[in-house]
Amino acid sequence: MTAFQHAPDSPWIFRTYAGHSTPAESNKLYRANLAKGQTGLSVAFDLPTQTGYDSDHILARGEVGKVGVPIGHLGDMRALFDQIPLEQMNTSMTINAPAAWLLALYVSLAEEQGADPRKLTGTTQNDILKEYLSRGTYIFPPAPSLKLTADTIAWSLDTIPKWNPMNVCSYHLQEAGATPEQELAFALADAIAILDGVKARGEVAPERFADVFSRISFFVNAGMRFVTELCKMRAFTALWEEIGRERYGVTDEKALRFRYGVQVNSLGLTEQQAENNVYRILLETLAVTLSKNARARAVQLPAWNEALGLPRPWDQQWSLRMQQVLAYETDLLEFEDIFDGSKVIEAKVAQLIEGARTELAKIEASGGAVANVDYMKGALVESNRRRIEQIEAGKQKVVGVNAFTGGEPSPLEAGEKSIQTVDLAVEGEQIARLKAWRSARDGKAVEAALASLRAAAQEEKNIMPASIAAAKAGVTTGEWAATLRKVYGEYRGPTGVAVVIESSGEDIDAVKQDVAALSEKLGRTLTFLVGKPGLDGHSNGAEQIAARARAVGMDAIYEGIRLTPAEIVKAAKEKQAHAVGLSILSGSHLDLVQEVVRLMRAEGLDNVPLIVGGIIPPADALALRQMGVAGVYTPKDFRITQIMGDVVKLVAAKTSA
């Protein structure tokens with residue numbers, strides 16, 4: 001072998017992001033994936049769990065088991081990891097606002113299994129700031145939320161020292177439109193806010209702060225601009241080491257390593273010619289594996305058909321096999337970093353570092369990440385607007401979407417079972433199990449545990465010991481969160497669309513004229529209410545619809561995420577909306593839309609056209625139309641101005657009817 005070649009390095013951890021229906025069904029999926037060669041688990045929780053509600057809460061309706069697994073208590077956690085020894089497993093949990101609670105359940109189960117907590121390995125995402133910016137599964141205001149994150153970090157240091165208690169997640173920043181420089185700067189500002197918070201609380205001795213720094217990991221995104229994404233990862237590595245040395249005085253080389261896992265970009269997956277997503281996923285994977293000095297420690301890949309619906313086990317297997325072929329059949333792991341010394345790579349890395357430093361300095365100068373949530377949210381919405389307009393104008397080519405759109409129908413999408421579906425009975429069964437759990441437990445022990453939890457929160461104590469005790473007493477997810485809601489309060493994040501965003505182009509000008517003409521006929525500005533019912537916090541689409549509605553001259557009303565159907569219909573009536581648009585990406589569209597339609601009819605809003613957007617299979621689109629929905633839009637409908645034109649036509653038709 002040459003001086004630059006060696007025996008193969010160990011591969012990264014192979015994961016798939018998975019969980020749906022019930023803990024028992026998810027357990028079957030996990031064990032099957034592990035048998036196929038997956039080397040770690042990545043747990044997807046359903047939206048009620050992510051937002052601190054039990055399955056029988058009114059906001060959980062239609063959401064149970066849809067985008068992940070419902071975990072309501074220790075019994076659910078037992079079922080989820082049945083026959084899976086936690087001491088031997090590396091588990092990633094995508095959980096944020098209630099991360100302390102899910103970690104408490106996990107550690108309680110590990111102890112039940114006889115595991116040594118000090119041997120547990122894995123990650124809780126636990127990144128609340130990016131929830132305010134991009135994904136929406138927050139519960140509490142920033143200050144107590146950051147305190148909860150600091151609690152888990154300090155507690156984990158001795159109790160579960162191999163665990164990553166916080167995973168700075170820039171993944172969703174890119175999904176929300178972040179440029180590479182923004183992804184670098186916003187994620188690093190987030191990490192600084194957390195580290196400064198831990199330091200300020202004083203729970204960790206100064207001489208142990210390098211240990212805290214070493215346990216902060218990252219979860220990043222890799223998009224289609226292959227060279228830029230590779231350079232972004234090298235920039236992350238350099239900037240993180242710089243922050244460790246200069247801001248926190250960390251000198252240990254191992255502690256300074258930038259440790260990250262990755263899921264490659266889902267934003268770029270297309271509904272049109274979805275088979276092309278396989279190539280996209282592979283190229284994005286190369287961006288985070290080719291450079292040895294900036295290689296991911298864990299990789300989870302989306303399935304090719306995620307823009308169509310819930311992937312089947314075979315679809316997940318295909319993504320797993322992609323990782324295994326790359327790791328075991330190529331010579332990738334045998335070489336030193338193949339980009340060291342490249343002038344091209346070095347120049348691009350330097351450019352990204354300079355851009356990120358400029359943005360980071362701006363955030364630092366104006367109070368840090370927490371003080372700049374509104375600014376960062378607005379910046380992401382604006383970046384996403386520019387990205388979408390580039391695609392609409394054909395300047396950014398996407399194969400099958402705005403270029404090379406002709407082709408043969410895909411045999412991969414043929415047949416009735418081309419995507420996974422969640423049984424409609426799942427929600428009722430999960431609620432029944434939840435009620436049985438409540439009735440079988442010791443009520444006095446639960447009351448005592450919740451009282452101790454409330455006291456710990458009120459007295460600013462570390463929340464983890466009380467959470468562990470609550471888990472073992474049988475407290476539910478909803479009860480844990482409700483107790484802390486009473487102490488900390490709740491929060492509604494910024495929408496990022498408060499200011500009218502100017503857009504231009506012939507299509508926009510034409511729709512503007514139509515809006516103005518119809519508004520004159522209506523006697524007031526055409527009013528379009530955009531709502532997000534249920535618990536789905538992926539608000540990027542709704543934000544862009546609201547922004548474009550304003551750009552074409554409509555009075556666009558968008559009040560953010562997590563609204564009940566009743567709240568949306570009440571707002572539509574109060575604002576005298578001429579049209580209502582619902583954005584639902586969690587798969588709960590049938591339940592939620594049915595309730596909105598019922599309430600609109602009850603309030604005499606039959607004449608107000610209702611349109612729905614989301615990841616909606618054709619059969620469901622037909623069902624929605626049969627309910628009375630006037631328009632259904634999916635990811636293939638990427639021309640937003642055209643959708644605005646449709647809204648004008650629908651309102652005009654209702655007006656003249």
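These notes follow the salt bridges in this predicted model.

**Ground rules.** I number residues from 1 along each chain as its sequence is written, and I use heavy atoms for side-chain values, leaving out hydrogens and water. As the model is predicted, local features need pLDDT of at least 70, side-chain atom pairs count only at pLDDT 80 or more, and totals for chains, interfaces and linings use all residues.

**Entry 1, count.** I looked up the salt bridges (a side-chain nitrogen of Lys or Arg within 4 Å of a carboxyl oxygen of Asp or Glu). The structure holds 40.

I found Arg 438 in a salt bridge with Asp 54, at 3.1 Å from N to O. Arg 438 sits in helix 15 (residues 426-440) and Asp 54 in the loop between helix 2 (47-50) and helix 3 (74-80), so the pair ties together parts 384 residues apart in sequence. Helices here are DSSP runs (H or I, at least four residues), numbered from the N terminus. Arg 438 also bridges to Asp 56, at 2.8 Å from N to O. That pair spans 382 residues, with Asp 56 in the loop between helix 2 and helix 3.

I applied the cut-offs for relative accessible area: buried under 20%, exposed over 50%, partly exposed in between (1.4 Å probe, protein chains only). Asp 54 is buried at 7%. Arg 438 is partly exposed at 25%, and Asp 56 is partly exposed at 31%.

I checked Arg 357 and Glu 242; their closest N and O atoms are 2.4 Å apart in a salt bridge. Arg 357 lies in helix 13 (residues 343-365) and Glu 242 in helix 10 (residues 226-248), so the pair ties together parts 115 residues apart in sequence.

Key
Helices (H or I, at least four residues) and strands (E, at least two) are DSSP runs, numbered from the N terminus.
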